[in-house]
Structures are given as C-alpha cells and as structure tokens.
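Student: I would like to go through this structure by question and answer. Please begin with the terms.

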Amino acid sequence: MPRPLRVLVAKPGLDGHDKGAKVVVQVLRDAGMEVVYTGLHASPEAVVKAAVEEDVDVVGLSILSGAHLPLCRRVCEGLRGTGKPVVLGGVVPQQDEEGLRALGVEAVFRMGAPFQEIVEWIRRRAGRSSPSPALK
Amino acid sequence: MDPSQGRKVVTESGIEIKPVYTAADVAGLDPGRPGEFPFTRGIHPEMYRKQPWTMRQYAGFGTPEQTNERFRALIAHGQNALNVAFDLPTQLGLDSDDPRAEGEVGRVGMAVDTLDDMERAFEGIPLGKVSTALTINAPALVLLAMHLAAAEAQGVPAADVRGTLQNDILKEFIGRGAWIYPAAPSVRLVADSIEYCAKSAPRYNAVSVCGYHLRESGATPAEEMALAFGIARTYIEAATARGVAVDEVAGKITFNLNVFGNLWEQVAKFRAGRKRWAAIVRAYGAKEAKSAQLRMLAGGGGGGLTIEEPENNIVRGAYYALAAALGGAQTMALCCYDEAYSIPTEKASLLSLRTMQILAEEVGLCDTADPLGGSYFVEALTAEMEKRILEAEGELRALGGMVRAIEEGTIQRKLARQAYESEKRLRSGEAPKIGVNRHVVEGAPAPAMATHPYDPSWAEKKVKELKSLRARRSSDAVGAAVDAVKRAAAGTENLVPPILAAVKARATVGEICGALKEVFGEFREPRF
C-alpha cells in the first residue's frame with residue numbers, strides 16, 4: 001500500500017487568523033492524508049524548510065491579511081525545483097489570481113470552498129489517491 | 001415548505017425553541033428594571049432614550065496621515081468615536097523596517113513606529129472629547145503610552161483622555177493570533193495597565209475582553225460569554241493581586257461581543273451575560289453597583305458574512321445591529337459587506353455607519369429601554385441562556401481555568417473542532433445561509449468587487465521616515481529608556497511609567513517590544 005499523501009498547511013507571515021487553516025487540516029486528516037501544520041507567524045523560509053524536511057506532496061498556504069502576493073513569491077521561489085505544488089486559501093481578491101499563478105500558485109480556494117473540491121484537487125495533483133480512512 | 005415543520009429547532013448553544021411561549025414559561029422569572037442590579041434589562045435606567053449607542057467603526061490603514069483623513073471623514077459623517085486598526089507589524093511589536101514586516105506595512109491597519117505617528121494620526125482630533133479605542137493587544141502598553149503622550153501634546157492630561165484599550169491578550173492565544181510573550185507575563189502586562197489606568201487615567205478602559213474572537217473561532221454564543229468571563233476573571237485576579245481594589249478593576253474592564261447567528265439567541269446572550277457578570281463581580285467583593293455593569297461593544301460579526309452575493313451582507317449587518325440594539329449594547333461596530341474580499345472600502349465603511357444611524361434615528365430603536373423585556377419567549381430564553389453560560393463556565397473550570405487551557409491547547413482544539421463542525425453544517429445545508437446553500441443562483445458569475453487598494457509606496461515612506469527619526473533622536477536617551485523598561489520587566493514594578501518615558505524619548509514599538517521579549521521570551525503555540 002502506498003504511503004498516505006502528506007500535506008503541509010502553513011500560515012506564512014504575520015496574519016493570525018487560523019480558523020480556516022485548522023478547518024482544512026481537519027478536512028485533509030479526515031480524508032486520510034497526513035498533515036503537518038506550521039502554526040502561526042511562520043516565515044516563508046521556515047515554510048519552505050518544513051515542506052522539504054517533512055517531505056510533503058503538496059504545500060497549502062493560508063493568508064487572510066492581503067499580503068498573499070509578496071508571501072507567495074518568497075515561498076514559491078524557495079520551493080522552485082522541488083516539484084512541490086503550492087495552493088493558497090484565504091481572503092484573495094479575484095484580480096490577484098493571475099499574478100499568483102505567474103508566481104507558481106496552482107490553485108486558490110476561498111471562504112466556503114467545498115471540502116471535496118480541496119481534497120480532490122490535492123489527490124489529482126499528487127497523481128494518486130490516498131487510502132481512505134476505512135481501509136487503514 | 002416550512003423548514004421548521006416536523007423537526008426540532010435548537011439554537012447553537014443547544015437550547016430547544018418551543019413553537020409558542022406562555023405565561024407558564026416565565027413563572028417566577030423577574031428580570032427587574034433597567035439600570036438596577038443585576039442589569040439583565042440593561043445597565044442604564046433609560047438606556048438609549050438618554051443616550052444612543054456609540055458608533056465606532058473599525059478604521060485605519062496605510063500611514064498615520066491617511067488614517068487621520070479617514071478618521072476625520074467618519075467624524076464628519078456623524079460617527080462619535082474611533083476604533084483604531086493597526087497593521088500586523090505593529091500588532092506583533094515589529095517596526096516598519098523589520099524584515100519580517102515585508103509586505104504587511106500599513107496593510108490591515110495603520111503602521112505605527114513612534115509617538116510621532118500617533119500624534120499625526122490624531123491631529124485635529126480632540127482626545128479629551130472623541131473616545132478612542134485602540135485595537136491592540138500584545139504591545140498594548142506601548143500604544144496606551146503613545147495615546148496618553150499624544151493627548152498630552154494636545155494639552156489633554158491623562159485624567160481626561162477617553163479611551164479603550166483592547167488589551168485582551170488571552171483571546172489572542174485562542175483566536176486572532178497576535179501574541180508575542182508567553183501567557184503569564186502577558187497577563188502581568190494587562191494587570192499593569194489596569195493598575196495604571198485606575199490610578200492615573202480614570203476615563204480610560206484598560207481592557208476590552210473579546211468574546212467576539214472566541215465566537216469567530218468556533219465558540220457557541222453561551223461559550224462566548226463563559227470563556228470571556230474566564231478571561232476577565234484572570235485579569236481581575238491578577239490586578240487585585242497587585243493591590244488594586246476590585247471596584248476599581250471592574251470599572252476598567254469592558255467587553256467586545258459578537259452578534260452573528262440567531263437574533264433571539266444573541267439578545268438572550270447579552271441579557272443573560274449581564275446578569276451573570278453582575279453576580280461574578282459581586283462575588284469578588286465589589287461594593288459599587290457600577291462595578292457590576294457589563295459594558296459592551298457589540299460587533300456585527302464577520303463570521304456571519306459571506307463571499308457569495310456580498311450585498312446580502314449589508315442586510316445581515318442591519319439585522320446584527322438590530323440584535324445589538326435589542327440586546328442593550330453601549331457601543332456598536334459592524335463588519336462591512338466587502339470584508340470577505342479585503343479590508344473595507346470607504347463606501348462600505350460609511351454604509352455600516354448609516355445602518356446604525358438609521359436604526360438609532362429613523363425606526364425607533366432608542367424609544368424605550370429593553371423593548372423585549374417581559375416577552376414570554378425572550379425572558380424564558382434569557383433564563384435558559386444563563387444556565388448554558390453557567391455550564392460552559394463549569395467546563396472551563398474542568399480544563400483547569402483559562403491560562404492552563406490555553407497553554408495546553410485544550411480550548412484551542414475544542415473550538416477548532418467546533419468550527420470544523422459548523423463549516424460542515426454550512427456545506428451540508430443544515431445551517432441555512434442565503435445565497436450559499438439556499439436560493440443559490442447556479443452559474444452566477446463572481447461579483448466584480450471594488451476592493452480597498454494597497455500601495456507599497458506607503459511602506460517605503462514609512463521606512464524612510466523611521467530611518468530619518470533614528471538618525472535624529474538621541475540614541476543615548478533611547479538606550480537608557482529602553483534599559484529602564486527591561487529592568488522594570490525583570491522586576492515587579494508597573495511597566496507603564498518606564499514605557500511612557502521610552503515612547504517620549506522616541507523609542508520605537510519594535511525596540512520596546514523587543515526589550516520585553518528579551519526578558520519574557522515568546523509564546524510557544526501548542527501542537528495542532
């Protein structure tokens with residue numbers, strides 16, 4: 001049996017609103033994934049380090065302060081060449097999406113995003129299904 | 001179809017609502033009179049008839065000059081108090097030129113580095129008249145000192161400054177997350193501020209205990225009150241341990257509570273909360289009736305607003321304001337309809353102010369005190385809510401009290417689980433939300449929203465000013481003042497006087513908070 005998918009959920013920057021990040025951590029754990037949560041006030045460099053050290057398949061960032069462009073730039077630059085996809089959640093205006101994609105952010109999930117959509121996106125992007133909790 | 005038909009109606013706090021209430025439901029219940037202990041019906045005898053609630057929209061962004069402009073605009077539109085938003089670097093005790101502040105300077109609030117910034121932010125705003133709330137927590141003493149010093153520069157003595165410091169660090173560990181130091185020294189800072197205000201700034205509320213953010217983080221309305229009381233008890237005990245009389249301490253504590261959710265449950269929460277707080281304060285030995293009054297800001301909560309069909313949030317805000325008024329709030333602020341997109345635009349902020357003004361001045365919410373008093377339903381629900389609050393207080397005691405629950409992470413995990421459950425109910429449609437899971441227009445395009453702009457040149461300006469100030473000021477005087485703060489932190493003396501001296505010497509937020517961090521260390525977040 002393949003190992004379960006591993007996901008880093010990170011709160012880069014100074015924003016302390018962690019309800020959404022913690023909800024997503026629980027969603028992914030319930031979907032059978034292994035989730036590492038950075039906790040608050042992680043520097044972009046610390047996020048990159050954790051992603052590499054924890055050998056995660058996908059990096060999920062949660063940013064509600066509006067500083068997503070500069071923060072994603074630093075995380076994406078740090079992860080370049082590692083093959084780890086970056087996905088963003090939080091308060092993100094539509095007009096910033098193009099800029100985020102240019103930086104390398106592959107998907108943006110906003111408030112109210114269906115849980116299944118997030119889970120399926122991660123499974124699809126990582127190229128495989130994680131074992132369902134019932135099979136463990 | 002009547003969705004309530006054939007099923008139970010149960011509030012978020014777990015109270016089952018009957019289809020009809022009668023005199024039998026209120027037998028033996030006497031809510032008393034407004035303005036009389038235990039203040040279930042309100043803290044003043046005539047409530048809004050004598051003075052409508054204070055309108056205090058949260059505002060601040062970019063540089064102090066830009067924020068000053070927004071403040072003046074709000075005052076010109078009839079707002080009678082201010083609520084200052086600080087940017088994240090300021091909230092975390094970092095200067096604008098700190099590498100960790102990159103991209104965040106002036107973004108979610110005003111950037112403040114030194115006393116000069118506070119003086120500019122309040123230019124032309126009389127600090128003895130316009131009551132000003134500072135939404136600041138970990139570095140609260142520094143901003144309190146800057147507020148008092150800026151007032152002094154206007155010729156207003158500390159004794160006349162009208163202010164409210166949010167200064168509720170314990171809730172930051174549970175929700176909102178703007179903490180720096182570990183819990184114990186953080187509580188000591190709160191006690192210092194209470195002692196200082198009790199002695200030297202009698203019109204300044206040292207603390208605004210925030211049930212608001214606990215609710216946003218997953219607490220039920222009953223838990224919101226119970227956990228807020230658990231936090232307030234911690235501050236009362238810390239301040240009385242410093243020798244401040246309980247009547248003086250209670251007079252320095254206000255509350256910031258949330259209003260999203262079922263309207264009746266919020267009203268009952270405010271009424272029952274007042275009654276419960278009166279009993280708590282009296283049990284600490286307070287003698288004056290005024291000490292037992294729960295004074296509150298009610299905030300139309302962001303947790304109820306949606307990204308879908310954002311204009312619906314204007315309507316939601318109006319109902320939240322209605323609940324706050326029916327619940328007897330002293331001060332009101334509403335989240336704006338565009339806040340799921342960015343910090344509010346000026347237009348959205350003004351619309352929230354107008355919403356409150358329409359309620360207060362057009363439709364009669366100020367006509368009589370506690371208009372729902374005596375309603376079979378509301379009185380019965382208030383009594384039920386009091387029981388639920390008491391139960392939740394017991395649950396917190398079982399976790400070992402607020403500080404232990406925070407340090408061990410038990411309370412954070414409990415609320416995170418509840419937040420997850422409520423997000424599931426929203427997605428399943430069990431919790432109705434118009435435009436989200438009811439009456440959804442399939443295939444409707446995402447609305448084009450004008451969002452609050454951000455210009456990186458504001459941060460550049462701020463950093464340039466800070467560098468020039470560092471070159472101008474006396475570094476010997478700053479060094480000595482910051483050392484004095486450090487010595488006081490290592491001892492037990494009140495930290496406000498040395499911090500006041502440091503801000504007057506033009507020490508920065510980052511320098512003072514950095515000195516405290518050297519002594520106190522940093523909070524370590526429990527694992528999640």
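Tutor: The expected span of a helix is 1.5 Å times one less than its number of residues. Helices (H or I, at least four residues) and strands (E, at least two) are DSSP runs, numbered from the N terminus. This is a predicted model, in which local features need pLDDT of at least 70, side-chain atom pairs count only at pLDDT 80 or more, and totals for chains, interfaces and linings use all residues. Residues are numbered from 1 along each chain as its sequence is written, and chains are lettered from A and ligands numbered from 1 in the order in which they are written.

Student: What distance does helix H6 of chain B reach from its first C-alpha to its last?

Tutor: Helix H6 of chain B covers residues 183-200, which is 18 residues. At 1.5 Å a residue the expected value is 26 Å, and the helix comes close to that. The distance reached is 26 Å.

Student: Is strand E11 of chain B buried or exposed?

Tutor: A residue is buried if 20 or more other C-beta atoms lie within 10 Å of its own, exposed if 12 or fewer, and partly exposed in between, with C-beta atoms placed from the backbone. On one side of E11(B) are Met296(B), Ala298(B) and Gly300(B), on the other Leu297(B) and Gly299(B), and both faces are covered. Five of the five residues of the strand, 296-300, are buried.

Student: Which residue of E12(B) is the bridge partner of Gly299(B)?

Tutor: E11(B) pairs in the parallel sense with strand E12 (residues 331-334) of chain B over four bridges. In E12(B), the partner of Gly299(B) is Ala333(B).

Student: Which element gives the most to the side of chain A that touches chain B?

Tutor: Two residues are in contact if their C-beta atoms, placed from the backbone, lie within 7 Å. By that rule, 28 residues of chain A are in contact with 33 residues of chain B. Helix H1 (19-30) and helix H3 (68-79) of chain A each give two or more residues to that side. The most, five residues, come from H1(A).

Student: What ipTM does the predictor give the complex?

Tutor: The predictor gives the complex a pTM of 0.96 and an ipTM of 0.94.

Methods. Two strands pair if DSSP finds at least two bridges between them.
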